[in-house]
Amino acid sequence: MSTNDQSIKTALVLPGGGARGAFQVGVLKAISELLPKGAVNPFQIISGTSAGAITAIVLAAKARRFRHAVAELEDVWGNFRCHDVYKTDYLTMLKSSLRWLGAIVTGGLINMPSSLLDNSPLRALLSRNVRFPRIQNALDHGWLDAIAVTAAGYSTAQSHTFFQATPDCKNWTRTRRVGVREDLHLDHVMASIAVPMIFPPVRMGGEYFGDGAMRQATPLSPAIHLGADRILVLGVRNEIADKAPAPGTKLDSPSIAQIAGYMLDTLFMDGLYSDLERMTRINQLIDSVPEEHRTGTMLGLQAIDTMIIVPSEDVRDIAHRHHQELPLALRILLRGIGGKQPRENRLISYLLFEQNFTREMIDLGYRDAMNVESELLDFVSGADVPRLFAPSSVKQDLSAVT
């Protein structure tokens, strides 16, 4: 348990999750209302991956006025339409589908398209609205210590965390993951959100990069490398397990859409919970040793206070209520790969950039944050907090927590 100390560095970790990222905006809205008006960014370190990278960059660029930054995020996320993120017209969808089919049938004589969807509208949107040079201004004025965006390198098979930070933050190298200091720009963000096969990879330097969650086995590590003492994690999946089928139930073979949704779910969130479990074990080990004896083998280990907020409702159910709002061309495409059944809503929830869905997710994030209002404010402000504060469903999933 940490004491109230203004020197505590609090990190914000924003995992990916496609359209589910609207939930994170709702939590941030609650935090902005709990803090005094005019407050600067309360997170010295911000680490984002995939859709979380977009939110992270906006917060960093507007660190001087936290409430204003969150209001801008709410305005964008709350008014999203799918065509703001990827092309949804029939011609684009038809060309993409035919090229995939042609490449498979001809054995590669027709070049395989780099992705199923064209996300150039999102690039244009971010280009108009994010002022990347303001990040350095925030660092120079002390409103921010570090901002990190993670992408996966296809050639090196490494997780690359690109960070812009104060001079005391150093590069790092670990097994299949590196931290590289660079001035962040639009390509870093587009690379981080390049979900494999769905969005095109992005070339930076001599390598192509894709979604940062692919190789991010330890999604909390960038924040720790950059000096975090405590970490607030905003997840996008509740941890209530599905019920097992009743004995004798006739099961259909999983469709491509169901498998794709399952893979995205694993990609974005499973590494996070494994990392939380490791951190919980380390915290318990450190706390079990009297402070005066924390030398020798304990040297280099640090206890990290952690708070995680995840949706209290099943996001798939919310997506199902709005699935008809997907553009017709995309609904037809998903129907072709078996995405019309309720069990396929996991995939739909990642692609449903439509305002009724995103607004409901923002509202859910706001309510879930306000339900832990006092604990959340204590955590952000540096007051005494438990080592781990999480919903019971998450604690049950962390086998190290007893």
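Is histidine 160 buried or exposed? With a relative accessibility of 9%, histidine 160 counts as buried (buried means under 20% relative accessible area, exposed over 50%, and partly exposed in between, using a 1.4 Å probe and protein chains only).

Before going on, a word about the model. It is a predicted one, where local features need pLDDT of at least 70 and side-chain atom pairs count only at pLDDT 80 or more, while totals for chains, interfaces and linings use all residues. Residues are numbered from 1 along each chain as its sequence is written, and side-chain values use heavy atoms, with hydrogens and water left out.

Back to histidine 160, which sits in strand β4, residues 158-165 (strands are DSSP runs of E with at least two residues, helices are runs of H or I with at least four, and both are numbered from the N terminus). A polar atom of the histidine 160 side chain lies 3.2 Å from the backbone oxygen of glutamine 158. Leaving aside residues up to four places away in sequence, histidine 160 touches Val149, Thr150, Ala151, Gly153, Val178, Glu207 and Phe209 (contact means heavy atoms within 4.5 Å).

Alanine 51 is another one to look at. You'll find alanine 51 in helix α2, which covers residues 51-61. Alanine 51 counts as buried, at 7% relative accessibility. Its contacts, again not counting residues up to four places away in sequence, are Gly16, Gly17, Gly18, Trp77 and Ile193.

Now for the nonpolar cores (sets of buried Ala, Val, Leu, Ile, Met, Phe, Trp, Tyr and Cys residues joined through side-chain atoms within 4.5 Å). The largest has 86 residues, and Leu28, Ile31, Tyr86 and Leu232 are the ones that touch the most other members. Helix α2 supplies the largest share of this core, with nine residues. A second, separate core has 24 residues, including Leu220, Ala223, Leu276 and Met279. As for isoleucine 31, its contacts are Phe43, Phe66, Leu232, Leu376 and Val380, not counting residues up to four places away in sequence.

What about charged pairs? The count comes to 12 salt bridges (a side-chain nitrogen of Lys or Arg within 4 Å of a carboxyl oxygen of Asp or Glu). Here are some of them:

| Glutamate 74 | Lysine 29 | 3.1 Å |

Glutamate 74 is partly exposed, at a relative accessible area of 25%.

Aspartate 187 is in helix α8 (residues 186-192) and arginine 123 in helix α6 (residues 120-129), so their bridge joins parts 64 residues apart in sequence. Aspartate 187 is partly exposed at 23% relative accessibility, and arginine 123 is partly exposed too, with 30%.

Glutamate 313 lies in the loop between β10 (305-309) and α11 (315-322), while arginine 367 is in helix α14 (residues 355-370), and the pair links parts of the chain 54 residues apart. Glutamate 313 is partly exposed, at 32% relative accessible area; arginine 367 counts as partly exposed at 40%.

Finally, Lys9, Asp145 and Asp168 are linked in a network of salt bridges.

Technical notes
A polar contact is a pair of N or O atoms within 3.5 Å; within protein, one must be able to donate a hydrogen and the other to accept it, and residues adjacent in sequence count only if both atoms are side-chain atoms.
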